[in-house]
Amino acid sequence: MTDLLYSEEEEALRAAVRDLLSDHCDAPGVIARTESGTPHDLAAWKALADGMGLAGLLVPEDRGGQGATHREAAVVLEELGRAVAPVPYLTSAVVATEALLACDAEGGLLAELASGRRIGALTVALNVAPGGAYKVVRHENGALHGELTAIADAAVADVLLVPADDGGLYAVDADAVTVAPQASLDLTRPVATVTLDGAPGRLLGDAEPAVRRALRAGAGLLASEQLGLAEWTLTETVRYLKERKQFNRPVGGFQAIKHRLAQLWLEVVNLRAAARNAADALSTGEDVGVAVAVAQAYAAPVAVHAAEEALQLHAGIGMTWEHPVHLYLKRAKADSIAYGTAGAHREALAETIDLPAP
Amino acid sequence: MTDAAELRRRTAELLAAHPPATTDRLDFLRARFDAGLAWVHYPEGLGGLGAPRSLQAVVDAELEAAGAPDNEPRRIGIGLGMAAPTILKYGTEEQKQRYLRPLWTGEEVWCQLFSEPGAGSDLAALGTRAVREGDDWVVNGQKVWTSSAHIARWAILIARTDPDVPKHAGITYFLCDMTDPGVDVRPLRQITGEAEFNEVFLTDVRIPDSRRLGEIGDGWKVAQTTLNNERVAIGGMRLPREGGMIGPVVKTWRERPELRTHDLHQRLLKLWVESEVSRLTAERLRQQLVAGQPGPEGAGMKLAFARLNQEISGLEVELRGEEGLLYDDWTMRRPELVDFTGRDAGYRYLRSKGNSIEGGTSEVLLNIVAERVLGLPAEPRTDKDVAWKDLSR
């Protein structure tokens with residue numbers, strides 16, 4: 001039976017990550033960083049990856065990783081979501097890592113990603129669902145040509161994993177390509193355009209199974225990030241509404257408000273069960289297709305709803321740049337597209353569970 | 001220390017001494033109660049062994065595998081879920097000995113005389129009076145929405161014993177004999193056509209003081225035990241994927257391709273996902289209970305099931321098209337069991353409307369979640385320091 005709880009070790013891991021993030025990723029710091037030329041927090045990344053060894057959770061020990069499972073990675077992502085931390089964890093330690101785990105010829109790249117010394121990015125647009133169509137580059141005379149857009153965290157990647165038109169997945173050094181940041185809705189997980197103009201690439205293996213595996217893990221664990229995000233917005237809104245007074249009463253004492261927050265709490269409770277189920281399924285390999293699709297079909301609307309309610313219930317202050325709720329709304333909305341929309345996941349589910357369309 | 005191995009041993013002993021195939025059903029249930037395997041978390045001598053509640057599953061699984069009879073838990077749900085834990089907590093030794101065994105075996109069915117025409121969500125506003133006369137209390141009033149009253153031998157009853165104090169302070173809790181003179185049970189025909197509920201009129205009903213549960217004036221506190229257990233019971237269900245209300249509608253979808261439309265497909269998939277997620281939440285809650293770390297999720301389960309049941313059954317009526325214009329049977333019946341899924345789509349649609357009203361309205365439950373789980377302030381109270389008799393009604 002699926003284990004939907006957190007183990008003591010997982011709770012200890014959560015506490016350690018939360019501690020670290022409270023030092024590195026406080027809201028004013030994250031907001032200030034979004035306006036600098038380097039929105040990513042590489043000091044926080046170094047502390048997480050190098051200091052705590054968390055970039056290698058999904059990599060077996062004999063390949064240079066920690067030999068943990070998706071359950072532990074999910075706990076890390078909950079905390080990263082709670083802090084809207086601008087670190088390339090989901091893209092490098094989960095998605096790029098999973099792509100490499102599917103390849104025989106990855107060389108020492110997996111160990112490098114696991115150590116956190118290098119950051120990887122799969123050059124598939126962030127909106128592509130597992131099993132969805134993605135853009136490839138042209139492979140010609142041993143070099144790669146083409147332009148790829150909406151590549152998450154490409155700006156900080158040291159190595160890009162690039163699918164090409166010959167069916168191969170290639171490792172390309174970031175130095176050999178042009179990465180141009182795009183103005184992104186999500187300020188804390190920005191996307192970029194990657195242009196390859198005769199870049200040399202090293203063949204890793206078949207792109208198709210690697211991309212499918214990577215996107216499925218990405219979609220499944222994204223639900224945990226969305227859970228952390230939704231939980232922060234709910235907790236913070238409840239805290240604020242206990243303090244904030246109007247009409248000589250705490251705003252949180254009005255029934256119209258209480259019911260909305262209780263409703264949101266229900267959704268977050270449900271999301272936790274769905275996200276834990278997806279993480280557990282990814283770790284055991286059982287029922288993965290349904291578990292991931294259910295989690296993603298449910299998670300995105302809840303995270304967006306939570307962030308939208310947080311903004312509305314903070315009222316005027318919620319519309320300001322100085323309050324962090326906008327970071328959460330932007331992340332939540334971008335997450336609702338990332339690795340497939342809820343609708344795309346429902347569509348995939350329809351086939352799996354035998355509820356065919358007319 | 002009673003652990004799983006010990007419970008398996010005791011269960012095997014019970015089965016050896018009373019083989020289910022050759023033992024009378026009631027004899028088996030009584031023997032099971034006396035062996036402490038009825039509800040293992042109850043004390044010894046009262047059907048239990050003082051074991052952790054989570055170990056009940058061990059016993060149930062062994063007995064089910066051996067083909068042992070159960071006590072029809074759905075038929076006696078009010079007794080099991082509400083009366084029993086309250087009697088256990090507040091009853092005298094005599095009361096526990098007298099009531100718990102026939103309650104558990106199902107020989108005596110219980111009902112609950114709480115709600116009144118003027119006191120539903122504001123339950124503490126109730127007006128049924130109990131006046132002391134010697135060793136008896138004389139009860140007059142009217143109760144409503146009483147399921148099982150027509151088959152019940154006993155009732156848990158709350159009545160006003162002091163109208164001169166604020167409403168919560170003047171209530172006392174009784175065990176009422178439904179066969180006593182003055183107890184009049186009348187069917188209350190519902191939107192579905194049947195009479196699953198009743199009205200109960202109490203006219204000069206004499207209840208001996210020995211059937212009072214808890215102290216005089218303490219009835220509200222005692223009732224809290226009853227009501228909290230009512231909501232806990234809802235979270236304990238364990239359903240397979242596509243169990244519950246989603247089951248019949250996906251079956252129809254698969255068997256009847258001619259009924260499919262794109263709009264219904266989108267809505268069905270959304271509800272399928274929500275049903276699955278609710279099932280996972282219930283499973284997570286169960287795992288927390290087993291691990292000895294109960295969470296507050298139970299408070300939300302009833303809300304979620306009520307909404308889902310209503311949306312899914314509503315969709316199902318639409319899916320059936322021309323058949324959705326029909327209804328299976330409007331006969332006025334008085335069922336002994338509540339059956340949410342056993343009848344046709346139209347019945348399920350109409351019956352599920354009650355899911356957000358019975359056992360606490362969704363609005364009241366949202367308040368409870370907001371105040372007890374999220375810690376938000378309560379609404380200002382205008383009735384707190386006013387004697388019940390001075391409240392406007």
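Reader: In this predicted model, is B:Glu93 buried, exposed or partly exposed?

Author: The model is a predicted one, and the relative accessible area of B:Glu93 in it is 44%. A residue counts as buried under 20% and as exposed over 50%. Because 44% lies in between, B:Glu93 is classed as partly exposed.

Reader: Which residue meets the side chain of B:Glu93 in a salt bridge?

Author: The N to O distance in this salt bridge is 4.0 Å. The two partners are three residues apart in helix α5 of chain B, which means that about one helical turn separates them. The partner of B:Glu93 is B:Lys96.

Reader: Why does B:Lys96 count as buried?

Author: A residue is buried when its relative accessible area is under 20%. B:Lys96 therefore counts as buried, its relative accessibility being 15%.

Reader: Which residue of chain A forms a salt bridge with B:Arg254?

Author: B:Arg254 lies in helix α7 (residues 246–255) of chain B, and its pair crosses between chains to the segment after α11 of chain A. With the closest N and O atoms 3.6 Å apart, the partner is A:Asp354.

Reader: How many salt bridges does the rule find across the interface of chain A and chain B?

Author: At this interface, 41 residues of chain A are in contact with 45 residues of chain B. The pair of A:Asp354 and B:Arg254 is a salt bridge, and the count across the interface is three.

Reader: Which element gives the most to the side of chain A that touches chain B?

Author: Between the two chains there are 17 residue pairs in polar contact. On chain A, α7 (207–243), β10 (249–250), α8 (255–284), α9 (288–314) and α11 (342–352) each supply at least two residues of the side that touches chain B. With 14 residues, the element that gives the most is α8(A).

Reader: In which helix of chain A does the salt-bridge partner of A:Arg189 lie?

Author: A:Arg189 forms a salt bridge with A:Glu225, the closest N and O atoms being 2.9 Å apart. The pair links distant parts of the chain, 36 residues apart, and A:Arg189 is in the loop between β6 (178–181) and β7 (191–200). A:Arg189 and A:Glu225 are both buried. The helix that holds A:Glu225 is α7.

Reader: How far apart are the side chains of B:Lys167 and B:Asp122 in their polar contact?

Author: B:Lys167 lies in the loop between β4 (154–160) and β5 (171–177) of chain B. B:Lys167 counts as buried because its relative accessibility is 2%. Among the residues that B:Lys167 touches are B:Arg160, B:Asp383 and B:Trp388, as well as B:Asp122. The polar contact between the side chains of B:Lys167 and B:Asp122 is 2.7 Å.

Reader: How many of the 22 residues of α9(B) are buried?

Author: Helix α9 of chain B covers residues 298–319 and reaches 32 Å from its first C-alpha to its last, close to the 32 Å expected. The residue B:Gly321, which has a positive phi near 60°, follows α9(B). The helix is mostly covered, and its number of buried residues is 17.

Note on methods:
Residues numbered from 1 in each chain as written. Chains lettered and ligands numbered in written order. Predicted model: local features only at pLDDT ≥ 70, side-chain atom pairs only at ≥ 80, totals over all residues. Heavy atoms only, no water. Contact = heavy atoms within 4.5 Å. Polar contact = N/O pair within 3.5 Å; in protein donor to acceptor, adjacent residues only side chain to side chain. Helix = DSSP H or I, 4+ residues; strand = E, 2+ residues; numbered from the N terminus. Expected span 1.5 Å × (residues − 1). Buried < 20%, exposed > 50% of the residue type's maximum accessible area, 1.4 Å probe, protein only. Lists of a residue's contacts leave out its neighbours within four places in sequence.
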